[in-house]
Amino acid sequence: YLYDVIAAWEIKQIKANAPTSSFPTLSKRGSAPTLGSGENRFLFKRRLFKNTREISLDPVEVNLLYAQAVYHVVKCDDFPVSEKVALQLAGLQAQVNLGDPKDSKTLESYTDIESYLPYRVSRSRGEDVWVPIIAQAHRQYGTGKTSLTAKALYLSCVMQYPLYGTTMFQVTYRGYWSYGNSLILGVNSEGLMLIKPDDKFILYEFRYQDVESIFLDPSDSFLTVNLMRQHGDNGSHRCFVFETPQKSEIGSLIVSYCPALAGWITENEVPVKAITNEDRIRLYHNVVNCRRALVDSETLRKPQETSGGFIRNTLRRLSRHGLEKLRADYGGVSEVYKGFSLSYWAFGRQPMTQSLGKMPEPEEQIAIQMYQIILTYAGLGQNGETVRRAEDEHINLIQNVMELAMRKENLLGELYLQLIKQTTEHPDPNSRVNLRHWALLSLACSVVLPPQRLIRKYLIAHLKRCASDCVTEEGKYARFAEKCLYKTQGTRRRQWPPSREEIMCTINRRPIYARFHFMDGQYHAVEFHPSATAKDVMELVKAKIGLRESAMGYAIYEVLGNSERSLVAEEKVADVMSKWEKYRNANSGHPNTNGQPNKPVRKQHHFFLFKKHLFLDQYMDLDDPV
């Protein structure tokens, strides 16, 4: 909203003009003048250039494009215009501003050299030399032309430059090559350009069909451009990383030209094919069969008798006709099987009095505590204060429930039964409560899977059924959770509950990311799945910096102070990040045995380091510049 932008301007101005004293002052002169937008202003101009070689027939658009062209030629010096061309353009510009030249002796109108010539051209001579030259250019190139004709000629001249219609951004290249790190990244309707800042020479051009993806770093000012594999097979770079505070603006402009590269904004998933009613019934029968297999295995605790049943324990209100339709839709499946009604398997908002699975009394109390944490995180606490506290501490709540569940296998199975229950038959699939339950289930699938075969089978059937929904956010979460499940399956078990960074990324259906440093002081942020091993991430880092895939002998190290350790190939990087967070929390200034706080110590931070691990002749290739 425009008013939000204006409010942000005023807040920034208030902070800039804030007094240094922390004590308020009162004045008898009345209230202070109302703050405005300061130096900020809205600017209306062309953003997307599709047909860069055609002049519009609309005089209003010609006027707007002419003014924008003058700005980019004179003020920004975006085009490599020579002195001769600059004077021709200055003559046309003077004709637009002044009309036909009146008197050759009147030169005051040409004294503002900076409004006619770019500084790169004007600095070669003094102002007193340029004034008669511009006047002569006016007489030579502008005399007799109407304002509209002069503007059209100005545009036709500027349009001959390959960079016309290209939006340029100053960036720093975070990589290794011989062109220097200061660059201009150009974005136009055809693709991307890498341009030298001094002479506007185009180093590289990439059409959008050559670009595989773009990635905006969530925490740093980094923009990553990944090229298609076949484009980099000839030894050239496949991955470019740029540092720029305008990363969001660049990404938005690229998406405006090429919507197919919008994966950094929206979930980049394959469109879901609508399923038939027969498929829907088949998926539901698979879920019911898994439930009955669990009941027959006698691993579940039989529910206590309740008078309200399904209607009382959920938010759904079904009439007799609605219940009959539910039975008809799913082939007349009975609601009760050996005492386990639909309410046992479906979403509930009340705390549990017993665990879903059979377990010893001490573990059952932990299971009940886990369920209460899940309700609190979803916003189903007993009062508003609990809900507000949950908003502030939701990360800790998630870590607590995951840590409790990972202690024992039956607690882990219980967690999945609880989460499947809370994501089943919710009355409002798009509600915040339901999506929070789905976020928890997605996170669990990306960290550790249930060891019990029947529960895992039930989980897969539940995700497949819900993933068939191509309309709601619930379906998107189910497809993401299913993807996480298959990536986690068969990998090494996690040792630590997820870290804060992992939780924030996963519950928003994004890969997690971390910085990987290099011996020259640079670093790159890399996205990876929570189940990714050190070997997997090392391949991503190699691709990020342009190191060939066959390069051997490298490793990822975890570093703290002067100590470092190379990660084992099958070690999960997300587990290492969780261990770091535990270490930081344990050393965050707890009081000592005397009740006095510990003396502050110099902070040491963990970080990942990518470097050579094995120095063998067969692993060395000095012909590779990277």
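A: In this predicted model, Ser499 has a relative accessible area of 1% and is therefore classed as buried, the cut-off being under 20%. The residue belongs to the loop between helix H18 (473–488) and helix H19 (500–506). Once neighbours within four places in sequence are set aside, Ser499 is in contact with Gln399, Met577, Ser578 and Glu581.

The structure contains 22 aromatic pairs. One of them joins Tyr179 and Tyr204 in an edge-to-face arrangement, with 6.3 Å from centre to centre and 85 degrees between the planes. Tyr179 is in the loop between strand E1 (167–173) and strand E2 (182–187), whereas Tyr204 is in strand E4 (residues 202–207), so this pair ties together parts that are 25 residues apart in sequence. Tyr179 counts as partly exposed, at 40% relative accessibility; Tyr204 is also partly exposed, with a relative accessible area of 26%.

Another pair is formed by Trp580 and Phe608: the ring centres are 4.4 Å apart and the planes stand at 40 degrees, so the arrangement is tilted. Trp580 is part of helix H21 (residues 573–586) and Phe608 of strand E12 (residues 606–612), so the pair ties together parts that are 28 residues apart in sequence. Both Trp580 and Phe608 are buried.

Charged groups meet rings elsewhere: the charged end of Arg125 sits over the ring of Trp130, 4.9 Å from its centre, and Arg46 lies over the face of Phe49, at 5.5 Å from the ring centre.

Helix cover can be followed in helix H7 (residues 247–257), whose buried residues are Lys247, Ile250, Gly251, Leu253, Ile254, Val255 and Tyr257. The elements that cover them include E1, E2, strand E3 (191–195), strand E5 (211–216) and strand E6 (222–227). In an α-helix there are 3.6 residues a turn, so residues three or four places apart point the same way.

Val5 is placed in helix H1 (residues 2–16) and counts as partly exposed at 32% relative accessibility.

Finally, the backbone. Most residues other than glycine have a negative phi. Lys200 has a positive phi, near 60 degrees; Glu425 likewise has a positive value, near 55 degrees. Lys200 is found in the loop between E3 and E4 and is buried, with a relative accessible area of 13%. Glu425 lies in the loop between helix H15 (409–422) and helix H16 (432–447), and at 18% relative accessibility it counts as buried.

Notes: Residues are numbered from 1 along each chain as its sequence is written. This is a predicted model: local features need pLDDT of at least 70, side-chain atom pairs count only at pLDDT 80 or more; totals for chains, interfaces and linings use all residues. Side-chain values use heavy atoms; hydrogens and water are left out. Rings of Phe, Tyr and Trp (its six-membered ring) pair if their centres lie within 6.5 Å; planes under 30 degrees apart count as stacked, over 60 as edge-to-face and the rest as tilted. Helices (H or I, at least four residues) and strands (E, at least two) are DSSP runs, numbered from the N terminus. Buried means under 20% relative accessible area, exposed over 50%, partly exposed in between (1.4 Å probe, protein chains only). A charge sits over a ring if NZ of Lys or CZ of Arg is within 6 Å of the ring centre and within 35 degrees of the ring normal. Contact means heavy atoms within 4.5 Å.
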